[in-house]
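User: I'd like to learn how to read a protein model. Can we go through one together?
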Amino acid sequence: MTRQAFMARLREGLRGLPPSAQADIVADYENHFNEGAAAGRSEADVASGLGDPGRLARELRAEIGLRRWEEERSPSAGASAIFAVLGLGALDILVLLPILMGIGGAIFGVGVAVIAIFFTGGVVFAAGPFSGLPGGAGAAVLAGIGLMAGAASLGAVLAIVTIGLVNALVWYGRLHYRLLKPALEPQVSGGLQ
């Protein structure tokens with residue numbers, strides 16, 4: 001594979017990443033080719049030593065997504081990490097995607113229920129004293145507070161479970177693929193294989 005073909009496939013695989021990250025990665029791999037040429041190696045030899053550019057791009061995208069999750073812990077960073085890990089292998093998409101869709105659907109359903117219970121508690125709290133419920137206004141106010149507190153507690157548990165599941169997926173990705181440490185070592189050290 002020529003330098004131009006390698007870099008074109010790498011750039012294609014990196015599309016969608018922040019431009020600064022793309023530029024850094026492309027510059028690193030251009031440097032590998034420059035060093036290889038200075039050492040008298042052919043472009044094809046350097047390209048074969050670097051590996052498949054499509055696979056490198058997927059691994060680099062996954063690593064960037066995983067680092068973003070570890071730094072931000074936001075829903076968008078979690079989604080980015082999940083899709084980055086799933087992007088590494090078609091077989092895993094066939095196995096993990098249905099499982100993750102089921103888990104994601106359950107989390108979404110519980111999240112909707114938490115919101116509904118919280119708002120129901122607010123309505124009971126606000127309107128209960130005027131509705132003439134048995135037990136009086138005090139019971140209605142306490143019932144509303146209880147519903148809202150229960151919903152907030154369930155929401156906190158749901159957040160903890162969601163973060164744990166994303167962390168487990170990240171762990172799985174790193175374990176299953178021995179993710180990116182070997183793939184990034186030549187890039188970080190600046191040496192060629």
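User: What follows α3?

Analyst: G51 does, and its phi is positive, near 100°.

User: Now the whole chain. How many helices and strands does the chain have?

Analyst: Count the elements, then read them in order. The chain has eight helices and zero strands. Along the sequence, the pattern is α-α-α-α-α-α-α-α. Of the 193 residues, 30% count as buried. Now take contacts between residues at least 6 apart in sequence: 66% of these join residues at least 24 apart.

User: Where does S74 lie?

Analyst: S74 sits in the loop between α4 and α5 (75–86).

User: Why does S74 count as buried?

Analyst: Compare its value with the cut-off. Buried means under 20%. S74 counts as buried because its relative accessibility is 18%. S74 and I163 are 89 residues apart along the chain, yet their C-alpha atoms are separated by 9.3 Å.

User: Let's turn to the surface. Which residues form a nonpolar patch there?

Analyst: Start with the total. The chain exposes about 10,800 Å², and carbon and sulfur atoms supply 69% of it. The patch is formed by V95, I99, I103, V157, V161 and L165. Together they have about 460 Å² of accessible area. Helices α6 (90–131) and α7 (136–177) each supply at least two residues of the patch.

User: What is the mean pLDDT of the chain?

Analyst: The mean pLDDT is 80, and 82% of the residues reach 70 or more. Over residues 179–193, the pLDDT is below 50. Beyond near neighbours in sequence, that stretch has 35 contacts in the model.

User: How should coordinates be read where pLDDT is low?

Analyst: Where pLDDT is low, the predicted coordinates should not be read in detail.

Technical notes. Residues are numbered from 1 along each chain as its sequence is written. This is a predicted model: local features need pLDDT of at least 70, side-chain atom pairs count only at pLDDT 80 or more; totals for chains, interfaces and linings use all residues. Side-chain values use heavy atoms; hydrogens and water are left out. Helices (H or I, at least four residues) and strands (E, at least two) are DSSP runs, numbered from the N terminus. Buried means under 20% relative accessible area, exposed over 50%, partly exposed in between (1.4 Å probe, protein chains only). Contact means heavy atoms within 4.5 Å. Accessible areas come from the Shrake-Rupley method with a 1.4 Å probe; for residues, only the protein chains shown count as cover. pLDDT is the predictor's confidence in each residue, from 0 to 100. Patches are made of residues with over 30% relative accessible area and no salt bridge: like charges are joined within 9 Å, nonpolar side chains (Val, Leu, Ile, Met, Phe, Trp, Tyr) within 5 Å. A salt bridge is a side-chain nitrogen of Lys or Arg within 4 Å of a carboxyl oxygen of Asp or Glu.
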